[in-house]
Amino acid sequence: MSTRRNILVALLLNTLFTVAYMPLVCAAPPPGKILRVGLLDFLREKFDPETIPYQRALVEGLRALGYEPGRDIRFEFRGAAGNAERLPGLAAELVRLRVDVLITYLNPSTLAAMQATKTIPIVMLGVTDPVASGIVASLARPGGNITGVAINAAEISAKRVQLLKEAVPKLSRVAVLWNSSLKSMTMQFQEIETASPKLGVTIQSLRVSGSEDIDKALAAIEKGRAGGLVVLFGPMRGDDLPKIVDFVTRNKLPTIFEVGRGVQGGGLMEFGPNLPERARYVGIFVDKIANGAKPADMPVEEPTVFQFIINLKAAKSMGLTIPQSLLLRADAVIE
């Protein structure tokens with residue numbers, strides 16, 4: 001059953017992707033020019049489309065529009081490996097290279113690029129709550145030199161608590177691990193605080209501002225005896241996520257992560273937008289800009305399709321029986 005569901009989901013996503021590209025089938029690289037695209041990544045330190053899903057999806061999306069790497073397009077990559085202090089210098093390097101378009105991955109990279117240039121077009125990916133974060137004036141008319149693909153994360157953060165409550169009906173205390181150094185993360189946590197009384201749960205706030213706070217936060221979860229965990233910790237260091245997944249697996253703690261951040265390692269659930277799918281859509285923005293469009297006039301896109309994944313193997317190890325009503329709503333079930 002889960003295999004069939006996975007196939008149907010894959011077909012649906014492929015259909016949505018194809019439809020999204022239909023108006024642009026005639027788009028093509030400007031003749032006689034190699035487009036230089038800067039890519040500023042907060043989390044990674046290398047450009048490796050073979051192993052990094054969003055980078056692979058980005059390249060595939062551009063290929064679908066006729067851009068072949070090395071022939072029509074060349075990437076200039078700079079990655080901070082989770083060190084925010086490096087971002088301003090890396091952004092400045094890409095500006096000095098005079099790239100034609102600058103793609104930024106996540107909020108910290110986007111903010112650094114905004115400080116580095118007011119003229120080079122910026123296409124953002126994976127940015128949360130860009131209006132409230134001061135990145136764009138509005139979604140419909142972003143203004144300035146930036147547009148792209150964003151996530152209204154505050155609106156979906158409370159949904160994660162709801163899904164966790166449905167998976168564990170007797171749940172009464174939920175720990176929320178969140179990165180207080182990010183304005184967008186503060187808004188997500190506030191949304192959870194507002195929704196929690198209606199869901200019949202109390203919230204244990206675990207604020208972290210850097211990777212050095214993770215161990216202390218995990219110890220606080222044990223001490224607070226929370227019955228579940230929502231992970232909103234945001235981008236930090238590469239080894240933070242495996243550490244958190246190992247903790248919840250060892251402690252058999254029902255946990256819901258963002259998509260791509262937990263179930264493969266043993267976490268219970270994931271819910272959120274599929275960033276690799278959104279990365280394919282970034283190619284549309286790059287192509288339009290290459291053919292003369294201005295970012296200020298290009299509306300910011302938000303995902304309309306979200307993924308919900310349940311790890312039944314993890315549920316069994318925790319002694320949980322996931323309600324059939326919840327299983328039927330899942331896009332994928334790991335068994």
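So, strand β6, residues 173–179, runs parallel to strand β7, residues 202–208, and seven bridges join the two. Keep in mind that this is a predicted model. If you want a spot to look at, find Val-174, which sits opposite Ile-203 in β7. How does the chain get from β6 to β7? It goes through helix α6, residues 183–199, and this β-α-β crossover is right-handed.

Strand β8, residues 228–232, pairs with β6 in the parallel sense, over five bridges. Here, look for Trp-178 facing Leu-232 in β8. And is β6 mostly covered or mostly open? Mostly covered: six of its seven residues are buried.

Okay, on to charges. Side chains of opposite charge can pair when their charged atoms come close. How many salt bridges turn up in the whole structure? A search finds 13.

Let me show you a few. Arg-78 and Glu-93 meet at 2.7 Å, N to O. That pair links distant parts of the chain, with Arg-78 in strand β2 and Glu-93 in helix α3, 15 residues apart. Glu-93 is partly exposed, at 29% relative accessibility.

Next up, Arg-329 and Glu-166, also a salt bridge, at 2.7 Å, N to O. Arg-329 is in the loop between α11 and β12, while Glu-166 is in helix α5, and they're 163 residues apart.

Then there's Asp-246 with Arg-250, at 2.8 Å, N to O. These two are four residues apart in helix α8, so about one helical turn separates them. Asp-246 is partly exposed at 39%, whereas Arg-250 is exposed at 55%.

Technical notes: Residues numbered from 1 in each chain as written. Predicted model: local features only at pLDDT ≥ 70, side-chain atom pairs only at ≥ 80, totals over all residues. Heavy atoms only, no water. Buried < 20%, exposed > 50% of the residue type's maximum accessible area, 1.4 Å probe, protein only. Pairing = 2+ DSSP bridges. Right-handed = clockwise from strand over helix to strand, strands pointing away. Salt bridge = Lys/Arg side-chain N within 4 Å of Asp/Glu carboxyl O.
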